[in-house]
Structure formats: structure tokens, C-alpha cells
Amino acid sequence: MSFVPIILLMMSQAATPPGEQPVAPYPHHNANAGATPFADDRMWQAFHESAGVGRIVDDLVATNIADPRISDIFKGQDMIRLRRTLKEQFCYLLNGGCDYSGRTMAAAHADMGIQDADMAALVENLQAAMRREHVSFAAQNRLLAKLAPMRRTIVKQRDLDRR
């Protein structure tokens, strides 16, 4: 076997982490995270670094799956990829030294029919997860302010009954 096919095989194996469903190739870039990171690591510290972000994301995902207001959105989704990319996104935005490998916000949420009410429920669930992690109210608001402009990209339906 020549050197080039071995490299291609190794790259294809690394492209999809264990347990995740494969997706069509896309360019990996930190700009896909939807916002720029905070200037220093104070927010990373406020969120209790990697362990805290991990707990927040795991709590958020579990809460969203159990929340009858938005649980349908998560049916059939790759929850392993979702957890991984949310942790990367938060780590990147909080200036924790991570890169974001997920798709753009538009591509990740395409054809999901997310409405204003869905986004409001998700934000409520994120706030609850951050409170349970004992993140200060000020730090919560700073992150939410950074995430808020993504709403324009993610919400495609305005309070329509899609369920």
C-alpha cells in the first residue's frame, strides 16, 4: 500500500469521531462558531473551565431532550456530535483555548424549523444549566449577549405551530 492511500485512510477515520454519525464534508473554521471569543480567559474561569462547560452542556442537552416544548427538535439528531460541538463552541467563545470543528450555524440548523418559542425555551434551559453550575449572573449575561445575534441565523419560523 502506498503512502498517499494510508494518509487518506487515516484522515477519513479521524473525520468522524467515535460514536458520531458521518456528515458531508465541510470546511472547519472557528468562524463557524457564530461569534468571536472573549478577549481573555476570565469568562473561561467564570464557567469553571473545561469541567464546568462539560457539565453545563451535558445538563443543557439532557434538559432539552426532556423538555416537551422542544424535545421534538432533538429527535433523530446525533447527540454525541451535538454535545461535542457545543462544548467546543462554548470553549472557543469563552477563550478556553479550543477550536470549533462544527458546521456554520446556518448549516447546523437548516431545515429544523426552529421558531422563536423554541429558541426562548433553549435559552431558559441554558440559563438553568448555568445557574446549576453556579456561574455568576453577570457572566451568564455576557455569554448570552454573545450568543444572541445567532438567533437571526437559527430561527427561521416565527411562532408558527409546526408540531
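A residue counts as buried under 20% relative accessible area, as exposed over 50%, and as partly exposed in between. The views below come from a predicted model.

View 1. Because its relative accessibility is 26%, Asn95 counts as partly exposed. Asn95 is not a glycine, yet its phi is positive, at about 65°. Most residues other than glycine have a negative phi.

**View 2. Helix H7, residues 116-132.** The 17 residues of H7 reach 24 Å from the first C-alpha to the last, close to the 24 Å expected at 1.5 Å a residue. Buried residues of H7 include Asp116, Asp118, Met119, Ala121 and Asn125. The buried residues of H7 pack against five partners: helix H3 (49-66), helix H4 (71-74), helix H5 (79-93), helix H8 (137-147) and helix H9 (151-154).

**View 3. The crossing of H3 and H7.** The two axes come within 9 Å and cross at roughly 140°. This angle makes H3 oblique to H7. The crossing of H3 past H7 is right-handed. On the H3 side, Ile56, Asp59, Leu60, Thr63 and Asn64 take part in the contact; they meet Leu122, Asn125, Leu126, Ala129, Met130 and Arg132 of H7. By type, the residues of this contact are six nonpolar, three polar and two charged.

View 4. His134 lies in the loop between H7 and H8. Its phi is positive, about 65°, although His134 is not a glycine. With a relative accessibility of 67%, His134 counts as exposed.

Note on methods:
Residues are numbered from 1 along each chain as its sequence is written. This is a predicted model: local features need pLDDT of at least 70, side-chain atom pairs count only at pLDDT 80 or more; totals for chains, interfaces and linings use all residues. Side-chain values use heavy atoms; hydrogens and water are left out. Helices (H or I, at least four residues) and strands (E, at least two) are DSSP runs, numbered from the N terminus. The expected span of a helix is 1.5 Å times one less than its number of residues. Buried means under 20% relative accessible area, exposed over 50%, partly exposed in between (1.4 Å probe, protein chains only). Contact means heavy atoms within 4.5 Å. Axes are lines fitted to C-alpha atoms, for helices over the stretch in contact, and angles run from 0 to 180 degrees between N-to-C directions. Angles under 35 degrees count as roughly parallel, over 145 as roughly antiparallel, 65 to 115 as roughly perpendicular and the rest as oblique. A crossing is left-handed if the near helix is turned anticlockwise from the far one by less than a right angle, and right-handed if clockwise. Ala, Val, Leu, Ile, Met, Phe, Trp, Tyr, Cys and Pro count as nonpolar, Asp, Glu, Lys and Arg as charged, and the others, Gly among them, as polar.
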